[in-house]
Amino acid sequence: MLSGLKEYLKPQTLEEAYEMAQVDNSIYVSGGLMVAALKSSRIERIVDLKNIGLNEVEDGESVKVGANVNLSEFMRNPLLSEMGSGFFKKMMKDVGSTQIRNMATVGGSVAFRLGWSDVITALMVAEADVEIFDGNLKKMSIEDYLLSKRKKEIVTAVYLPKDPERFMAFEKFSKSTFDIAILNVGVSFALENGKISKPVIAVGSRPMISERIKEVEEFLEGKELSPSVIDEAASKMREVVKVGSDIRATAEYRKALAGSLLKKCMRRIEDESHV
C-alpha cells in the first residue's frame with residue numbers, strides 16, 4: 001500500500017510524462033502490476049503512461065515493440081509469435097498466469113530491472129535493444145541498459161532484430177508455472193555448416209538480474225552442435241556461473257540447475273535444427 005501517495009497524474013504526451021516524473025518520490029505506472037505490489041510510504045506521485053501511446057508493434061529492419069504492449073498481446077501478435085520458430089510465444093506461456101500477462105507490460109518488465117525476470121533473459125538472448133526517453137530518444141543494448149543507473153527515464157520500446165538463421169530456446173525451473181523461477185536460462189545461436197556461431201547464453205533469477213555467461217559463449221563458438229559439446233558446455237556453465245542463495249535455493253543447487261537447463265535448451269535447438 002502506498003500510504004504516502006498524494007498525486008495520480010495521466011499525461012497525454014511522452015514529454016509531459018517525463019517532466020511530471022522529475023519530482024522526487026515519483027514513479028511511472030503502465031500495467032500497474034509492480035506498483036500494486038509496492039509497500040512504500042515514500043512514493044508520493046504516480047505518473048500513468050497509458051495515454052501516451054507506446055502500444056504498437058511495428059515491422060521494419062527490426063521489430064519495434066512499444067513499451068505498453070502487455071505480455072498477452074506480445075504472445076498473440078502474429079509477427080512476434082513467429083519469431084525464432086515461436087520462441088517468444090512458447091516462453092511467454094511460462095510467465096505467470098493469464099491475469100499477470102494481461103497486466104505486465106514489456107516496458108515494465110525491463111524498467112524495473114527485476115532479478116527474477118524471465119522476460120529480461122529472453123530479450124537478452126534475442127539481442128534486443130531498449131529505447132528510452134530522457135529528454136531525447138536513445139537506443140542501447142539491453143545489457144547496457146541493465147548496467148546503467150538511470151532512474152527517471154521512460155522505457156519507450158524494445159527492438160528485436162530479425163535473424164531467421166538464429167535458433168533460440170528458454171527454460172526455467174520453478175515450483176509451478178505461476179511461481180517466480182528459481183533459475184532461468186536462455187540460449188541462442190546460428191549454425192553454419194553444423195557449427196555454432198555467435199552464441200548468446202543468459203542466466204536469470206540467480207537470484208540476481210540476468211547476465212550473459214561469456215565464458216560459455218566463448219567455449220561454444222565454432223564448435224559442432226553435438227551431445228559431447230552440449231555436455232561440456234553444461235559442465236562449464238556449472239563451473240563459471242555466478243549465483244547466490246536465498247530462501248528458495250542454495251547457490252550449489254542453482255549451479256547444478258544452470259547446467260541442466262542449458263543442456264535442455266541446447267538439446268531442443270539440436271532437435272529443431274535437425275543436425
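**Figure 1. Hairpin between β4 and β5 in the predicted model.** A hairpin links β4 to β5 by way of 3 residues; the coordinates shown here and in the other views come from a predicted model. Strand β4 covers residues 57–58 and strand β5 covers residues 62–66, and the two pair in the antiparallel sense over 2 bridges. Across this pairing, V57 has V65 of β5 opposite. On strand β8 (residues 154–161), β5 has an antiparallel pairing over 5 bridges. There G66 faces A157 of β8.

Figure 2. F133 belongs to strand β6, which spans residues 129–133. Its relative accessible area is 5%, so F133 falls in the buried class, for which the limit is under 20%. Which residues are in contact with F133 when neighbours within four places in sequence are left aside? They are L14, E15, Y18, E153, I154 and T156. For one of these, E153, the C-alpha atom lies 5.6 Å from that of F133, although the two residues are 20 apart along the chain.

**Figure 3. The open sheet β9-β10-β11-β12.** The sheet is open and consists of 4 strands in the order β9-β10-β11-β12, with antiparallel pairing. Strands of a sheet are held in pairs by backbone hydrogen bonds, in a parallel or an antiparallel sense.

**Figure 4. The second largest pocket.** The volume of the second largest pocket is about 300 Å³. Its lining is made up of 15 residues, and those nearest the centre are M83, G84, K162, D163 and P164. Two or more lining residues come from each of the elements α4 (78–82) and β9 (166–173). Of the contributions to this lining, that of β9 is the most, at 3 residues. How many of the lining residues are nonpolar, polar and charged? The division is 8 nonpolar, 2 polar and 5 charged.

Figure 5. The largest nonpolar core holds 38 residues; the members touching the most others are F74, F88, L123 and L160. Helix α8 (residues 118–125) supplies the largest share of this core, 6 residues. With residues up to four places away in sequence not counted, F88 touches F74, L80, M83, A122, L123, A126, L160 and M168. Another core lies apart from this one and has 30 residues, including I196, V203, I213 and V243. Nonpolar side chains tend to be buried together in soluble globular proteins.

Figure 6. D231 sits in helix α11, which runs over residues 227–240. Is D231 buried, partly exposed or exposed? With a relative accessible area of 35%, D231 is partly exposed, a class that lies between the 20% and 50% limits. Leaving aside neighbours within four places in sequence, the contacts of D231 are K263 and R267. The C-alpha atoms of D231 and K263 are 6.9 Å apart, with a separation of 32 residues along the chain.

Definitions and conventions: Residues numbered from 1 in each chain as written. Predicted model: local features only at pLDDT ≥ 70, side-chain atom pairs only at ≥ 80, totals over all residues. Heavy atoms only, no water. 1 Å grid on protein atoms, 1.4 Å probe; cavity = no way out; pocket = protein on both sides within 12 Å on 5 of 7 lines; lining within 4 Å. Points joined across faces, edges and corners; volume = space filled by probe spheres on them. Nonpolar A, V, L, I, M, F, W, Y, C, P; charged D, E, K, R; others polar. Core = buried A, V, L, I, M, F, W, Y, C linked by side-chain atoms within 4.5 Å. Buried < 20%, exposed > 50% of the residue type's maximum accessible area, 1.4 Å probe, protein only. Contact = heavy atoms within 4.5 Å. Pairing = 2+ DSSP bridges.
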